[in-house]
Amino acid sequence: MSCPMGFGELNIPSSRAFWDDCDEDEATLKDKQSKKLELSFEPNETDAPLSSKLFLLIEGSDVRGFVEATLLQNAHKICTIPSSKSSLHYIRDKEILIAGLQEDLTNSGEVLELILPYAELADKVITITIKSKIEFQSENVRSIRDHITFLRGINSQLPHVEELEAPNFVAGVAAGIACWRHNASLPSSAYVAYTDNVSLDTLAAKPIIKLLQQLGINCSDTYKPIHREESHIYM
């Protein structure tokens, strides 16, 4: 069991047993992290952080296909991020950095340290976290029950996107970047897309594509995932 962290705060465990679990996790993590994580840069790419007009981070359990298909047509890869299926790309003519990050809370602190220098140099930062709809907590769940995907925001630039309210929170690298930018009095907005399908299909991706377009970010109008060949079970 991992020690939970929320957006800009620690959720303190209430029992000694919980703390014991955290102590065990800390020892396990130290073993796993004995080898320092590093960014793996493409040939001829500098390891010096790039400044940008916009740093966009999309984080979730399965976002690689969506990011590649909708946002990276005119981008070139800067480096691989040491989290499965994660990478950083740059659109030179727009001066936009785009990070597609597979959520991995066990390494989020170390990954944050690696990509934070890029977020520090950006004029503006936007993060989008993809979460399962069952994680959303509200007294008025009926209002969103029929939505395949709906959005919430923290410091949203769009008036129609409702603010994320407690006890809901943002975690992972997106939370770390948003907190750092807030503490440094630098502009940033964090969005959460709650969805029935965290792998994102055509319908689930529509509100996220609309969000990107409303934020002035060039992207494809639709998303059609490339499905892996399904296995067949013969009776």
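**A tour from the cysteines to strand 10**

Start by selecting cysteine 79, which is buried, with a relative accessible area of 0%. Keep in mind while looking that the model is predicted. Next, select cysteine 219: its relative accessibility is 16%, and because the cut-off for buried is under 20%, cysteine 219 also counts as buried. A disulfide is a covalent bond between the sulfur atoms of two cysteines. The structure holds zero disulfides, so there is none to look for at either stop.

Now move to helix 2, residues 64–71, and pick out arginine 64. Is arginine 64 buried or partly exposed? At 40% relative accessibility, arginine 64 is partly exposed.

The last stop is strand 10, residues 188–195. Eight of its eight residues are buried, so strand 10 is largely enclosed by the rest of the structure. In a regular strand the side chains alternate between the two faces of the sheet. Here, Ser188, Ala190, Val192 and Tyr194 point one way, while Ser189, Tyr191, Ala193 and Thr195 point the other. Both sets are buried.

Which strands pair with strand 10? Select strand 8, residues 122–132, which runs parallel to strand 10 and is joined to it by eight bridges. On this side, isoleucine 128 stands opposite tyrosine 191. Then select strand 9, residues 149–154, which pairs with strand 10 in the antiparallel sense over six bridges. There, threonine 149 stands opposite threonine 195.

Key. Residues are numbered from 1 along each chain as its sequence is written. This is a predicted model: local features need pLDDT of at least 70, side-chain atom pairs count only at pLDDT 80 or more; totals for chains, interfaces and linings use all residues. Side-chain values use heavy atoms; hydrogens and water are left out. A disulfide is a pair of cysteine sulfur atoms within 2.5 Å. Buried means under 20% relative accessible area, exposed over 50%, partly exposed in between (1.4 Å probe, protein chains only). Helices (H or I, at least four residues) and strands (E, at least two) are DSSP runs, numbered from the N terminus. Two strands pair if DSSP finds at least two bridges between them.
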